[in-house]
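Notebook open, and I want to look up the charged pairs today. The structure goes in here before any notes.

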Amino acid sequence: KTKFHKILSSKEVVYFKNKKDLLKKINFYNVNKDKRIKIAKNGYQKYHKFMNNMIISKYIMSCVKLDKSKNPFWHNII
């Protein structure tokens with residue numbers, strides 16, 4: 001529903017299907033600290049590379065026709 005899978009891969013965020021799947025993954029990553037940290041780090045790095053304050057500000061400015069910058073890759077996903 002959120003279409004985050006088009007922006008962040010399963011190497012950058014943990015997705016779940018339902019409550020049961022969520023609980024299973026919480027228990028798994030609670031025990032597997034290294035995997036949890038690696039996914040979190042990957043997600044943090046990608047998010048901040050493509051969605052930092054300057055990129056978002058330029059995007060907003062282009063939406064209101066105050067900047068002619070190229071749209072970020074995630075523009076057409078939503």
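This is a predicted model: local features need pLDDT of at least 70, side-chain atom pairs count only at pLDDT 80 or more; totals for chains, interfaces and linings use all residues.

I started with Asp21, which counts as buried at 14% relative accessibility. The cut-off for buried is under 20%, so Asp21 falls on that side.

Next I checked where Asp21 sits: helix α1, covering residues 19-31. I skipped its neighbours within four places in sequence and looked at what else it touches; Asp21 is in contact with Tyr15 and Phe16.

Then the charges. Side chains of opposite charge can pair when their charged atoms come close. How many salt bridges does the structure hold? I get 2.

One of them takes in Asp21: its side chain meets that of Lys25 in a salt bridge, 3.3 Å from N to O. Both residues are in helix α1, 4 residues apart, so about one helical turn separates them. I looked up Lys25 as well, and it is partly exposed, with a relative accessible area of 26%.

On to the pair Glu12 and Lys46, which form a salt bridge with the closest N and O atoms 3.5 Å apart. Glu12 lies in the segment before α1 and Lys46 in helix α2 (residues 33-50), so this pair ties together parts that are 34 residues apart in sequence.

Is Glu12 buried or exposed? Buried, at 17% relative accessibility. Lys46 I have down as partly exposed, its relative accessible area being 22%.

How values were computed: Residues are numbered from 1 along each chain as its sequence is written. Side-chain values use heavy atoms; hydrogens and water are left out. Helices (H or I, at least four residues) and strands (E, at least two) are DSSP runs, numbered from the N terminus. Contact means heavy atoms within 4.5 Å. A salt bridge is a side-chain nitrogen of Lys or Arg within 4 Å of a carboxyl oxygen of Asp or Glu. Buried means under 20% relative accessible area, exposed over 50%, partly exposed in between (1.4 Å probe, protein chains only).
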